[in-house]
Amino acid sequence: MPKKVVVGVVTSDKMNKTRRVEMARLVKHPKYGKFIRQKTVCIVHDENNESKLGDTVEIIEAPPKSKRKRWNFVKVVAKSRLVDVTAMRLAAKEQAKAEE
């Protein structure tokens with residue numbers, strides 16, 4: 001049986017060699033017909049710590065590595081476009097001091 005390959009977004013990179021990846025989906029309510037947003041959370045093994053918070057990644061099914069870790073990292077599909085506001089403010093202050 002082939003292994004599942006899915007694409008999701010990294011929502012946590014605080015652990016070493018481990019990432020939390022979410023896959024969002026829409027599900028139609030059986031009775032009311034309204035579409036509901038749901039998510040699937042996977043704990044992924046990232047051997048080289050290549051992915052970062054907000055990256056879109058491709059993962060593949062794998063034999064269990066620990067209690068909850070059942071997926072392996074394949075590649076980064078798209079890098080994160082999140083902006084670190086604190087770093088931008090600090091850089092702006094340093095630039096203003098340098099100009100004076």
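The exercises below concern strand pairing and charged side chains in a predicted model.

**Exercise 1.** Find which strands pair with strand S2, and in what sense.

Solution. 
- Strand S2 covers residues 18-28 and pairs with strand S1, residues 5-12, in the antiparallel sense over three bridges.
- Here Ser-12 stands opposite Arg-20.
- S2 also pairs with strand S3, residues 35-45, in the antiparallel sense, over eleven bridges.
- In this pairing Arg-25 stands opposite Gln-38.

**Exercise 2.** Determine which parts the salt bridge of Lys-17 ties together.

Solution. 
- The partner of Lys-17 is Glu-47, with 3.0 Å from N to O.
- Lys-17 belongs to the loop between S1 and S2, and Glu-47 to the loop between S3 and S4, so the bridge ties together parts 30 residues apart in sequence.
- Lys-17 is partly exposed at 31% relative accessibility, and Glu-47 is partly exposed at 42%.
- Lys-17 also has a positive phi of about 65° in the turn of the S1 and S2 hairpin.

**Exercise 3.** Explain why Glu-58 has no salt bridge although Lys-75 is the nearest side chain of opposite charge.

Solution. 
- Glu-58 is in strand S4, residues 56-61, and is buried.
- Lys-75 is 4.1 Å away.
- Lys-75 is still among the contacts of Glu-58, which include Val-6, Phe-73 and Val-77.

Conventions
Residues are numbered from 1 along each chain as its sequence is written. This is a predicted model: local features need pLDDT of at least 70, side-chain atom pairs count only at pLDDT 80 or more; totals for chains, interfaces and linings use all residues. Side-chain values use heavy atoms; hydrogens and water are left out. Two strands pair if DSSP finds at least two bridges between them. Helices (H or I, at least four residues) and strands (E, at least two) are DSSP runs, numbered from the N terminus. Buried means under 20% relative accessible area, exposed over 50%, partly exposed in between (1.4 Å probe, protein chains only). Lys and Arg count as positive and Asp and Glu as negative; His and the chain ends are not counted. A salt bridge is a side-chain nitrogen of Lys or Arg within 4 Å of a carboxyl oxygen of Asp or Glu. Contact means heavy atoms within 4.5 Å. Lists of a residue's contacts leave out its neighbours within four places in sequence.
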